[in-house]
Amino acid sequence: MVTRVLRSRRKSSARPAGAFLVLLVLALSFAVAGCPCAGTVVNANPQLRWWLFSNFGASRICPEMLKLGVPLKTDSASPAMGRFFPMTCSYTVDDARQTVAVSFSGTGYGYMNPAKRVGFSASTTIELRPDFAIADEDIYVWGRLNRIISGPDFRVGYIENAAFNVASNIPPFGTLTNFFGNQVMTGELTRGFTVVANEDRGNEFTLGTLTPPNKPIKPFKVQDDERFTFANESVDIHGNARDYLGPFEVASGQSLYLTMSVQGPTVDVMIVSKMVGDPWREGYQTGQPLGPAPGPVLGGAPLAPGPAQTRKFGLAPGLYYVVLDNTQYAGLVAPPVQVLNPLYDPVARVSYVAQVGE
């Protein structure tokens, strides 16, 4: 869940870099000054690794965790089926046990037949046993789950299918709450995470533990190391549904780059500011009537099946959502409503890379 422990920003070269990486290099310059084998020294010294993480990495957990929505998946190879947006976060470092306890809460949405769109809130406290290793130009950071201290307290707030309720069964998962709360949320928490951090490429995140030189599975191979990659994943956008990607941060002198392809029907891609996107997303996950963006759409275009397309969007510095829309209520596509066959689901599978750069 803590997907962005390392990410911060720097303005030189117009691409972000992890503050933890900068501080790590600084600390190593004092710890192993003049030694070309810094990686070997750090990898062989667990006490030094804990000192570096607890002093320079732990404080970044909450600020980075609160920046982006977290994709919800049944496993690492599956497309996202929804998104969780942390809204509160706190942490406690236990030096004696070398663990970090993280408490967070937030809201989100998911899609699961026959319930269709589901809005929810969730909170939990987990204890992580962090560690990292230096491998050539990459730093592998692990957040191994030590224990779940409390929760997750998962509460369903909206179900699109009025004939379905939280007590209804979803074979073979049991109730809706059990599926999202125990199968999806708890399942992801118990797997821990790996972040492969690179100052040029950004951070690659995956659930579970990867060891060097393995890398997370991604739909696109990123060629341009001059851009910082926020996300590289696949998502399923069901009929009459949306996904709110981000929000992504664009700094001065940067542009947002989107590389996208879709299998299935054409969908709308719309870019809105966080100020516009937050209430739009809140209405979506609480069951308010679907409608257009409650503010200006700053960029985007319909995404049709075919070869992957890369588009550059010049935006003012700020935070932006990229909204994928498969409804008739926003954008230009306006897919027809399936009145005669309500069981038909025109799902669109979108694979995308979101980056910033010059």
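Over the ring of which residue does the charged end of Arg281 sit? The charged end of Arg281 sits over the ring of Phe85, 3.8 Å from its centre; the legends below begin with the model and then turn to separate close-up views.

The model is predicted: local features need pLDDT of at least 70, side-chain atom pairs count only at pLDDT 80 or more, and totals for chains, interfaces and linings use all residues. Residues are numbered from 1 along each chain as its sequence is written, and side-chain values use heavy atoms, with hydrogens and water left out.

**Figure 1. The largest nonpolar core has 30 residues.** A nonpolar core is a set of buried Ala, Val, Leu, Ile, Met, Phe, Trp, Tyr and Cys residues joined through side-chain atoms within 4.5 Å. Buried means under 20% relative accessible area, exposed over 50%, and partly exposed in between (1.4 Å probe, protein chains only). Leu72, Met81, Val102, Leu176 and Phe180 have the most contacts inside this core. Two or more residues each come from helix 3 (46-57), helix 4 (61-65), strand 3 (99-112), strand 4 (116-135), strand 5 (138-159) and helix 5 (176-191). Strand 4 gives the most, with six residues. Helices (H or I, at least four residues) and strands (E, at least two) are DSSP runs, numbered from the N terminus.

**Figure 2. Met81 and the residues that it touches.** Contact means heavy atoms within 4.5 Å. Residues up to four places away in sequence are not counted, and Met81 then touches Leu72, Lys73, Thr74, Gly110, Tyr111, Met112, Phe179, Phe180 and Val184.

Figure 3. Rings of Phe, Tyr and Trp (its six-membered ring) pair if their centres lie within 6.5 Å; planes under 30 degrees apart count as stacked, over 60 as edge-to-face and the rest as tilted. The count by this rule is twelve aromatic pairs. One of them is the edge-to-face pair of Phe228 and Phe230, 5.5 Å centre to centre with 75° between the planes. Phe228 counts as buried because its relative accessibility is 2%, and Phe230 counts as buried because its relative accessibility is 8%. Ring pairs also link Phe85, Tyr109, Tyr244, Trp280, Tyr284 and Tyr321 into a cluster. A charge sits over a ring if NZ of Lys or CZ of Arg is within 6 Å of the ring centre and within 35 degrees of the ring normal. The charged end of Arg227 sits over the ring of Tyr257, 3.7 Å from its centre.

**Figure 4. The largest cavity has a volume of about 90 Å³.** On a 1 Å grid over the protein atoms alone, a cavity is a set of points where a 1.4 Å probe fits but cannot get out; lining residues have an atom within 4 Å of a point. Grid points are joined across faces, edges and corners, and a volume is the space filled by probe spheres set on the points. The 14 lining residues of the largest cavity include Met81, Tyr109, Tyr111, Asp236 and Arg242, the closest to its centre. Strand 3, strand 8 (228-237) and strand 9 (242-250) each give two or more residues to this lining.

Figure 5. A cis peptide bond joins Asn113 and Pro114, with omega about 5°; Pro114 is found in the loop between strand 3 and strand 4. Lys116, in strand 4, is not a glycine but has a positive phi near 65°. Lys116 is partly exposed because its relative accessible area is 28%. The peptide bond from Gly246 to Pro247 is also cis, with omega near 0°.

How values were computed
1 Å grid on protein atoms, 1.4 Å probe; cavity = no way out; pocket = protein on both sides within 12 Å on 5 of 7 lines; lining within 4 Å.
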